[in-house]
Amino acid sequence: MTKIVIVGGGIIGATIAYELSLNSDFEITLFEQENSPALHSTSASLGVLMGILSPKAKGRSWKLRQKSLERYETLIPELEKLTGKTISYNQQGIVELLFPEDSLETWKSLIKIRKHQGYHLEIWDKNKLFKECPQVEINNIIGAVYSPQDRQVDPIELTEALIAGATLNGVNLEFGVKVQKILTTGTHDENNCICERVLTSKGEVETDFLIMAAGVDTTELTQNFKNPLDIRPVLGQALQVKIEENNYNFNPVITGDDIHIVPLKNNEYWIGATVEFPNEKGDIIMQENLLEEMKEIAFSYCPILKNSTILKTWSGKRPRPEGRPAPIIEKLTGTNNILLATGHYRNGIILAPATALIIKDFLINN
Ligand SMILES: Cc1cc2nc3c(=O)[nH]c(=O)nc-3n(C[C@H](O)[C@H](O)[C@H](O)COP(=O)(O)OP(=O)(O)OC[C@H]3O[C@@H](n4cnc5c(N)ncnc54)[C@H](O)[C@@H]3O)c2cc1C
């Protein structure tokens, strides 16, 4: 049996633990410093799985999205069957609003590419948009692009189901245990640094492979290595509102100007999220006016929300790799058995299945 230690019980660590648990050659332990999963970036997420509508037509970013969307269609029913848990998974698609400054030609060319790739996107004019989505009422609009195969998932329900599924498949889950130090042999210079054990708040544990899925905290964990990671937090604020009644049969995610309006059960919606970078000193100062502005824009798209009650507001920190593309799924430079699965920035929920499959392929082939 190959011993594997995973650090982090957010969406990335949980998906890797579940995907690896399907292979009986692995003896897996996941350490999460909190007492339950999905408490950091994952808990703040809106779970919008924007793949087909993404402007990335080809290359790594598109391939990761494509791989994930494919796996999501089997993963959700598989987990529900295994665990008996219900995962809120919106399969009504995503409607992206088009404004006068948007280029229809660019969209038409993406539609052609997606058709070739086996996906469907359609452009709606204003009349079609208002007919299909009467909740949208906005003058300054030219129409929308509808993507029926894009999805949205509840990130906390999903992470909990992944953890439950991994446990049923024999993964050893250690909550409330922090990985404090990575104990290595060999040298970084000769690229043969090997992690044989990790020191946790509960003691030392041996491992054959270490997978770091610690989000923004991966920076701290890699500080003593020759090539430490630089993952910086980017703040996002969001809110949940409730309206009196929702008589709409068609409830896709509506997105415009990078703001998502996500329908939930019980006439509730999530609205998000702001994108707030750290200042020169590296500090993040939450700007409440940005949440207010975002709310007003969302309410102007869907005036039914103006009479809603705000149930809660929250914020979270997205793990963004500094100076390089997100995400980082590779061996830590100079080491032989430390794998990085981190820095997913704004796309950790959509990219989790592809990340886990890449890590699994690596472990099977090495
Ligand atoms: C407001 C907001 C909205 C978002 N919306 C979307 C969206 O619609 N779609 C989408 O795809 N993405 C979205 N994202 C991004 C997404 O949430 C993140 O990319 C994703 O959650 C990152 O997951 P993760 O598992 O890497 O990190 P985290 O969820 O932060 O998990 C890392 C875990 O590692 C644990 N940990 C760290 N260090 C240690 C240690 N030393 N020992 C033990 N445990 C440790 C932490 O406690 C934490 O639980 C959003 C993010 C925010 C903030």
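**Exercise 1. Find which residues serine 45 touches, leaving out residues up to four places away in sequence, and describe its surroundings.**

Step 1. Serine 45 touches Pro155, Gly316, Gly348 and Ile349; contact means that the C-beta atoms, placed from the backbone, lie within 7 Å. The structure is a predicted model, in which local features need pLDDT of at least 70 and side-chain atom pairs count only at pLDDT 80 or more, while totals for chains, interfaces and linings use all residues. Residues are numbered from 1 along each chain as its sequence is written.

Step 2. Serine 45 lies in the loop between α2 and β3. Helices (H or I, at least four residues) and strands (E, at least two) are DSSP runs, numbered from the N terminus.

Step 3. Serine 45 has 28 other C-beta atoms within 10 Å, so it is buried. A residue is buried if 20 or more other C-beta atoms lie within 10 Å of its own, exposed if 12 or fewer, and partly exposed in between, with C-beta atoms placed from the backbone.

Step 4. The C-alpha atoms of serine 45 and alanine 273 are separated by 8.5 Å, although these residues are 228 residues apart along the chain.

**Exercise 2. Describe helix α8 and decide where its buried residues lie.**

Step 1. Helix α8 covers residues 288-301, which is 14 residues. From first C-alpha to last it reaches 21 Å, close to the 20 Å expected at 1.5 Å a residue; the expected span is 1.5 Å times one less than the number of residues.

Step 2. The buried residues in α8 are Leu291, Met294, Lys295, Ala298 and Tyr301. Seen down the helix axis, they fall within an arc of 120°, so they line one face of α8. The arc is that of the directions from the helix axis to the C-beta atoms.

Step 3. Asn289 and Glu296 are exposed, on the face of α8 turned away from its buried side.

Step 4. The buried residues of α8 pack against several strands, among them β5 (94-98), β14 (231-242) and β18 (309-321).

**Exercise 3. Work out the surroundings and the pairing of strand β5.**

Step 1. Five of the five residues of β5 are buried, so the strand is largely enclosed by the rest of the structure.

Step 2. Ile94, Glu96 and Leu98 point one way from β5, and Val95 and Leu97 point the other way. In a regular strand the side chains alternate between the two faces of the sheet.

Step 3. β5 and β7 (residues 143-147) run antiparallel and are joined by five bridges; two strands pair if DSSP finds at least two bridges between them. Here leucine 98 stands opposite glycine 143.

Step 4. With β15 the pairing of β5 is parallel, over three bridges. Glutamate 96 stands opposite threonine 255 there.

**Exercise 4. Give the strand order of the open sheet that contains β8.**

Step 1. The order is β3-β8-β4, with antiparallel pairing.

Step 2. β3 (48-49) and β4 (89-90) are the edge strands, each pairing on one side only.

Step 3. Two bridges join β4 to β8 (residues 151-153). Asparagine 90 has glutamine 152 of β8 as its bridge partner.

**Exercise 5. Locate valine 241 and list some of its contacts.**

Step 1. Valine 241 is in strand β14.

Step 2. Valine 241 is buried, with 23 other C-beta atoms within 10 Å.

Step 3. Not counting residues up to four places away in sequence, its contacts include Glu268, Tyr269 and Leu305.

How values were computed:
Two residues are in contact if their C-beta atoms, placed from the backbone, lie within 7 Å.
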